Amino acid sequence: MSILRPRFFRNLFSYLVLSVFAFTTIFPFLWMVITTFKSRGAIFAIPPTLVPDLLFKPGMWDSYIEVLTRYNFVRYIGNSMFVSTMAAIGQLITASLAGFAFARMEFRGKYILFGLLLATTMVPTEVVIIPEFLLMAQLKWLDTYLPLIVPSFLVASFGTFMLREFFSSIPVELEEAALLDGASVFQIYRHIYLPLSLPAMTTLFLIAFINNWNELLRPVLYISDSDLRTVTIGLTTFQNEYGAQWHLLLSAAVVSILPLLIIYIFAQRYIVQGIATTGLK
Amino acid sequence: MRYRKITPYLFLLPMIVGLFVFRLGPIAAAVFASFTNWNVATAPVFIGLGNFRELFASQYFWLVLRNTVVFILIFTPGVMILAFIMAVLVNQKLKGIAFFRGLFFMPYVTTMVAIAMAFNWIFATRFGVLNSILTRWFNVSNPPAWLSSPTYALIAIAIVAIWKYSGFLMMIFLAGLQSIPADLYEAAEIDGANRLQQIIQITLPLLSPVTFFAFIITVIDAFRTFDVTYAMTGGGPNFASTTLAYYVYQNAFIYQRMGYASAISMILLILVAAATFVSFKLKDRLVTYAL
């Protein structure tokens with residue numbers, strides 16, 4: 001009877017509840033993928049079938065091929081890659097420079113600046129987006145990648161907070177040794193602080209990349225040229241144009257989150273730790 | 001470390017430019033614009049409180065405000081309770097628990113637009129799997145037309161938002177749970193407290209600073225809801241699922257009323273600030289730092 005201890009039942013119960021939550025988490029993804037392997041007719045079967053009719057049959061990947069070749073999603077993914085990478089690199093530059101100044105230097109206006117930065121993070125994008133839109137129109141930046149990159153590049157509040165914390169935790173003795181060698185402040189930042197904060201920088205890069213990949217409002221406002229579309233705006237326009245072709249729509253949806261899922265699976269440690277410790281988003 | 005007076009500002013230059021050009025400047029411009037009558041084609045005309053007077057007299061504004069409150073009232077407790085349960089579950093020492101943690105967090109890193117499409121299909125009235133299950137397994141004879149129903153559209157987008165964000169809050173709660181010393185639970189076990197008693201007497205009070213932080217970011221997030229509305233209902237039917245942030249977008253970029261939309265964005269800003277302020281005022285009464 002040794003197996004029937006209360007601990008065993010408690011664990012069994014835990015696994016049961018965990019499975020219920022896991023199923024709820026997976027189901028929308030699963031249903032999405034199942035639908036992409038159905039033929040045009042099978043989508044509208046009543047009741048819906050669990051096993052897709054094209055599974056392991058010729059034509060299984062047809063909707064994916066159609067989405068990637070006829071509907072330009074390769075291009076959209078490339079655009080999103082480019083914009084998200086540039087914006088994330090920008091956030092690293094801005095946040096690491098500012099985080100270093102806040103962590104290691106004393107100057108007039110330090111606390112006011114920091115307070116302003118903190119306070120403006122609470123301001124919803126919808127409040128600043130109208131003036132921002134008019135500014136972008138004035139600059140003739142509509143229908144370019146710049147409005148998707150530059151604001152994100154320069155407004156790096158959470159990254160600044162995170163790197164300020166990280167830099168503050170690095171022992172000062174390290175920089176004193178460099179000072180004896182006659183290093184400048186910028187050299188200390190470049191050759192001591194940046195290399196030491198590689199894990200934090202990786203986290204920040206990944207989170208900034210994901211956030212920019214998922215950005216919807218700015219592409220909606222700034223991009224109308226179909227060659228410049230990012231995946232989010234590509235998906236929504238696709239939905240408006242081909243509303244009932246669910247196998248195609250959902251193939252496009254799968255294709256557009258696949259890069260994120262791959263990044264998440266391989267770099268989960270960095271992403272989750274960064275978010276859990278700072279509430280960063 | 002020795003440096004010239006100007007050096008810190010050089011380091012801060014990109015951030016300061018961003019702060020003034022993309023944050024403070026636009027906020028100031030939005031305040032100004034909220035007192036003007038302004039469509040994109042013509043120059044803004046100062047009309048004092050005209051926009052606000054029009055807002056408070058508009059039945060749509062009150063409907064949108066009501067929707068925002070309803071959304072917050074569904075979303076905030078929903079996501080916080082689920083996230084707390086998930087955090088307690090994945091805080092156990094069980095085989096394969098890291099897999100569950102990773103899985104529960106996954107929706108948070110995926111694109112809302114893509115998720116919204118999957119849910120559009122699940123919620124579809126005739127061919128959707130949800131209504132099929134409701135009619136077949138639960139004998140519901142007239143399942144709702146979720147996304148095109150004035151009653152259910154807002155609830156549907158709240159459910160999707162809860163599904164997407166609970167994994168994120170779970171991680172915040174989990175970090176909090178792991179900072180509670182294990183010997184407190186051991187002592188409670190010796191005193192004969194069961195699992196539920198331990199959660200109520202130890203976990204909840206000691207987790208309250210984290211819960212407070214989670215509450216603030218959840219409410220602020222709820223005020224910002226845009227993506228899920230855009231991709232699922234477009235605010236419809238007839239504004240039944242429009243919340244404040246989405247109403248700003250509609251007025252500015254669909255109806256081209258920049259001044260009026262700016263006035264709505266001011267209401268949004270004031271509500272977010274007020275919610276944050278009130279929460280911090282109540283903080284000391286609600287938060288326990290030690291037992």
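The following dialogue discusses how to read several features of a predicted model.

Trainee: How many helices and strands does chain A have?

Mentor: One begins with the secondary structure. In this predicted model, chain A contains 13 helices and zero strands. Its pattern along the sequence is accordingly written α-α-α-α-α-α-α-α-α-α-α-α-α.

Trainee: Is chain A a compact globule or more spread out than one?

Mentor: Here one compares the radius of gyration with a rule for globules. Chain A has a radius of gyration of 24 Å, whereas the globule rule gives 19 Å for 281 residues; the value is well over the rule, so chain A is more spread out than a compact globule. The C-alpha trace of chain A spans about 75 × 75 × 35 Å along its principal axes. Of the 281 residues in chain A, 44% are buried.

Trainee: What share of the contacts in chain A joins residues 24 or more positions apart?

Mentor: Contacts with a separation of 6 or more are considered, and 77% of those in chain A link residues 24 or more positions apart.

Trainee: How many residues of chain A are in contact with chain B?

Mentor: The size of an interface is often given as the accessible area lost when the parts come together. Here the residues in contact are counted instead: 71 residues of chain A meet 75 residues of chain B. On the chain A side, helix α13 (residues 246–278) of chain A supplies the largest share, 14 residues.

Trainee: Which residues have the most contacts inside the largest nonpolar core?

Mentor: They are A:Ala253, B:Met117, B:Ala118, B:Met170 and B:Phe173, in a core of 163 residues. Helix α7 (residues 153–178) of chain B gives the largest share of this core, 16 residues.

Trainee: At what angle do the axes of helix α2 and helix α12 of chain B cross?

Mentor: The axes of helix α2 (residues 50–57) of chain B and helix α12 (residues 258–286) of chain B cross at roughly 70° and come within 9 Å. Angles of 65 to 115 degrees count as roughly perpendicular, and α2(B) and α12(B) are therefore roughly perpendicular to each other. From α2(B), B:Asn51, B:Phe52, B:Glu54 and B:Leu55 meet B:Gly259, B:Tyr260, B:Ala263 and B:Ile264 of α12(B). The residues of this contact are five nonpolar, two polar and one charged.

Note on methods
Residues numbered from 1 in each chain as written. Chains lettered and ligands numbered in written order. Predicted model: local features only at pLDDT ≥ 70, side-chain atom pairs only at ≥ 80, totals over all residues. Contact = placed C-beta atoms within 7 Å. Helix = DSSP H or I, 4+ residues; strand = E, 2+ residues; numbered from the N terminus. Axes fitted to C-alpha atoms, helices over the stretch in contact; angles between N-to-C directions. Parallel < 35°, antiparallel > 145°, perpendicular 65-115°, else oblique. Nonpolar A, V, L, I, M, F, W, Y, C, P; charged D, E, K, R; others polar. Rg over C-alpha atoms; globule rule 2.2 N^0.38 Å. Buried ≥ 20, exposed ≤ 12 C-beta atoms within 10 Å, placed from the backbone. Core = buried A, V, L, I, M, F, W, Y, C linked by C-beta atoms within 7 Å.
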